[in-house]
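Have the chain open beside you as you read.

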Amino acid sequence: MFYLAVTGAEMANLPNLSEKTAYMACHFCPSTPGISNIPGKLPPNSLLLLDDSVPPAEHDARLVVSQLSQAAQRLGCAGVYLDFQRPGYPLLAKIAAEASKLSCPVAVSQLYSSGNRLPAVLPPPPLDTPLAAYLSPWQGREIWLELALDAKQLTLTPKGCEEGPPEATPSQGFFDKKLCCRYSVRTEKNAAIFSLWRTYEDILALSRLAESLGVIHTLGLYRELKSHMQRRKPP
């Protein structure tokens, strides 16, 4: 299932979309040992995200998990995502361990996936790596997957290959089904320049491929994708 990760403000102004939503605005409360910004309502079967944009301090892991459990049940959520990106916080690892007791599915970022058996949420796969190869180290583990628009340029010269951002994303290119990305090649004096990039349609194709490989959920940022969401014929 593909989810669009949205803030509360974005959710209030969303057009009528077919995609499911993931509410990404729950934080650690700076003045209490629990969490804040729990929404009053969500579309049915949404995901509820707790992030660490507010660093955890003297928070109570059991209280945090209890609040998440109650909110997920009240809101009819399909699952909870512990979107923890700050390394080296034992409290975040403790919350992940406690969260295994929730009655709804709970996943945790790759950074805090060790020491528990929660589904792991992996970062977006690289443009030049087949998805099956990217997922292979996680065989036997339930996976959720973040997806993102991306682009890069490979410049091949007699001195070797240099990788960097593209000067500009090409307007046209070929589609690679294995990588779920676009590519183009042009030559200059003593150089071949390869451009790789993903469109919104490629994100959807990658989501379908991920599902066929056993990935449970995929997520993309609405703020990144919204200007690219003009439906066109699939590649």
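Two rings of Phe, Tyr and Trp (for Trp, its six-membered ring) pair if their centres lie within 6.5 Å, with planes under 30 degrees apart counted as stacked, over 60 as edge-to-face and the rest as tilted. The model is a predicted one, in which local features need pLDDT of at least 70 and side-chain atom pairs count only at pLDDT 80 or more, while totals for chains, interfaces and linings use all residues. Residues are numbered from 1 along each chain as its sequence is written, and side-chain values use heavy atoms, with hydrogens and water left out.

**Exercise 1.** Find how many aromatic pairs there are, and classify the pair of F174 and Y183.

*Solution.* The ring rule gives three aromatic pairs. For F174 and Y183, the ring centres lie 5.6 Å apart and the planes meet at 35°, so this pair is tilted. Relative accessible area, computed with a 1.4 Å probe and protein chains only, then sorts residues into buried (under 20%), exposed (over 50%) and partly exposed (in between). F174, at 56%, is therefore exposed, whereas Y183, at 31%, is partly exposed. Elsewhere, ring pairs join F28, F84 and Y112 into a cluster.

**Exercise 2.** Determine which residues of the largest nonpolar core touch the most other members.

*Solution.* A nonpolar core is a set of buried Ala, Val, Leu, Ile, Met, Phe, Trp, Tyr and Cys residues joined through side-chain atoms within 4.5 Å. The largest such core has 55 residues, and L48, L50, L68, V80, L82, F84 and I95 are the ones that touch the most other members. Its largest share, seven residues, is supplied by helix α2 (residues 61-75), helices being DSSP runs of H or I with at least four residues, numbered from the N terminus. Another core, of eleven residues, lies apart from it and includes A5, A22, A107 and V121.

**Exercise 3.** Trace the network of salt bridges that contains E98.

*Solution.* A salt bridge is a side-chain nitrogen of Lys or Arg within 4 Å of a carboxyl oxygen of Asp or Glu, and the whole structure holds seven of them. R62 bridges to E98, with the closest N and O atoms 3.8 Å apart. Because R62 belongs to helix α2 and E98 to helix α3 (residues 90-99), this pair ties together parts 36 residues apart in sequence. E98 is buried at 13%, while R62 is exposed at 61% and K101 is exposed at 61%.

Technical notes: Helices (H or I, at least four residues) and strands (E, at least two) are DSSP runs, numbered from the N terminus.
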